Amino acid sequence: MNNFKALRVHEDGARLETLGLEELDAGEVVIKAAYSGINYKDALAVTGKGKILRRFPMIPGIDVAGEVVESGDDRFSIGERVLVTGCGLGENHDGGFAEYVRVPVDWMVAIPSGLSEREAMALGTAGFTATMALVRMEDNGSNPSQGPILINGASGGVGSLAIDIFSKAGYSVTALTGKAEQAERLRRLGADEVLLTSELEFGTRPLERAQWAGAVDSVGGDFLAWLTRTVQPWGNIAAIGLAGGML
Ligand SMILES: NC(=O)c1ccc[n+]([C@@H]2O[C@H](COP(=O)([O-])OP(=O)(O)OC[C@H]3O[C@@H](n4cnc5c(N)ncnc54)[C@H](OP(=O)(O)O)[C@@H]3O)[C@@H](O)[C@H]2O)c1
C-alpha cells in the first residue's frame, strides 16, 4: 500500500507521482481503487481551467469504485466492494485518480451484487446525477404520459445517460445537441427526436409555445432560460450543470 501511483495536481500542473498512504487525506477506510470515471469537473481540475481544487497539491477524481483494504469502522469490512461519488472527493479531499483512496466511512456506499466496479463507474457520478434528476422530477409529479422530456447537452456524459435512463423509464425523449454527427448515437440510446442547437429558435417572448413536459439541462445559460419559456405548466426542469457557462 505504500509506494503507489497517483495523479496529483500542483499549482504548476499535474504529475504522476509515487506516494505513501500517510500522504493522503484522512479517513477511516482505505479503498484499493479499481475504477474512477473522468467527469467534467475532473477535466477542469486537471487542466486548471476551473476552480475545482480547493488546495494544492491534490489528487483529482470525483468518484471511485474498489475494494476495502483497511477499515477503522465496523460498517465496512476488508474485501467489501464499495463506491464513493461526490462528497468533496477530488475537490477538497484527495480523490479517485490513485491506486489507493482514503475516505471517511460516511461517504461510502456498498456496491450491490450484480454490479461490477467497472459498471458502477461507467454509470458513475454522471449516471447518479441523471438518475437523481428522474427521481426528483417524479417526486415533483412528472410522469411519462405528460409529454416529451428535453435533454440538453445530449452527447455529454450526463446527457447521454439521462437519455438512456429516461427512455427506459418510459418517457419520450427529445435530445438537444450541438453535434449533428452524434444524432444516430443519441437515437440508439433512446432519443425519439434529435434537435440541433444550430437550428434552435430561442424566440423573444417571455413565454413561447409550451413544448416540454420537463427537461434535464446540463448546459445552462441561454438554453436554460429558453427551457423556462417553453416548458409546459407544472413541468419540471432539472438544472444540473453549466457546461455552456455561467451567463
Ligand atoms: N458528470 C457528472 O458526474 C456531473 C454531475 C453533476 C453535474 N455535472 C455538470 O453537468 C455539466 C455537464 O457535465 P458532463 O459530465 O455531462 O460533461 P461533458 O461530458 O463534457 O458534456 C457536456 C456537453 O454539454 C454540451 N455543451 C454545450 N455547450 C457547451 C460548452 N460551451 N462547452 C462544453 N460543453 C457544452 C455538449 O453536448 P452537445 O454538443 O450534445 O450539446 C457537451 O458534450 C457540467 O456543468 C458538470 O459540472 C456533471
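Which residues in α2 meet which residues in α3? Leu123, Ala126, Gly127, Thr129, Ala130, Thr131, Ala133 and Leu134 in α2 meet Gly157, Val158, Leu161, Ala162, Ile165 and Phe166 in α3, where contact requires C-beta atoms, placed from the backbone, within 7 Å. This is a predicted model: local features need pLDDT of at least 70, side-chain atom pairs count only at pLDDT 80 or more, and totals for chains, interfaces and linings use all residues. Residues are numbered from 1 along each chain as its sequence is written.

**Helix pair**
- The residues of the α2 contact with α3 divide into 10 nonpolar, 4 polar and no charged (nonpolar: Ala, Val, Leu, Ile, Met, Phe, Trp, Tyr, Cys and Pro; charged: Asp, Glu, Lys and Arg; polar: the others, Gly among them).
- The axes of α2 and α3 (residues 157-168) come within 8 Å and cross at roughly 50 degrees (axes are lines fitted to C-alpha atoms, for helices over the stretch in contact, with angles from 0 to 180 degrees between N-to-C directions).
- That makes α2 oblique to α3 (under 35 degrees is roughly parallel, over 145 roughly antiparallel, 65 to 115 roughly perpendicular, the rest oblique).

**Sheet**
- An open sheet of 5 strands has the order β6-β3-β4-β5-β7, with antiparallel pairing (pairing needs at least two DSSP bridges; helices, H or I of at least four residues, and strands, E of at least two, are DSSP runs numbered from the N terminus).
- Its edge strands, β6 (100-103) and β7 (109-110), each pair on one side only.
- Strand β5 (residues 81-85) is joined to β7 by 2 bridges, and Leu83 stands opposite Val109 in β7.

**Helix on sheet**
- Helix α2 (residues 117-139) lies across β3 (29-35), β4 (63-71) and β5, at about 125 degrees to β4.

Conventions
Two residues are in contact if their C-beta atoms, placed from the backbone, lie within 7 Å.
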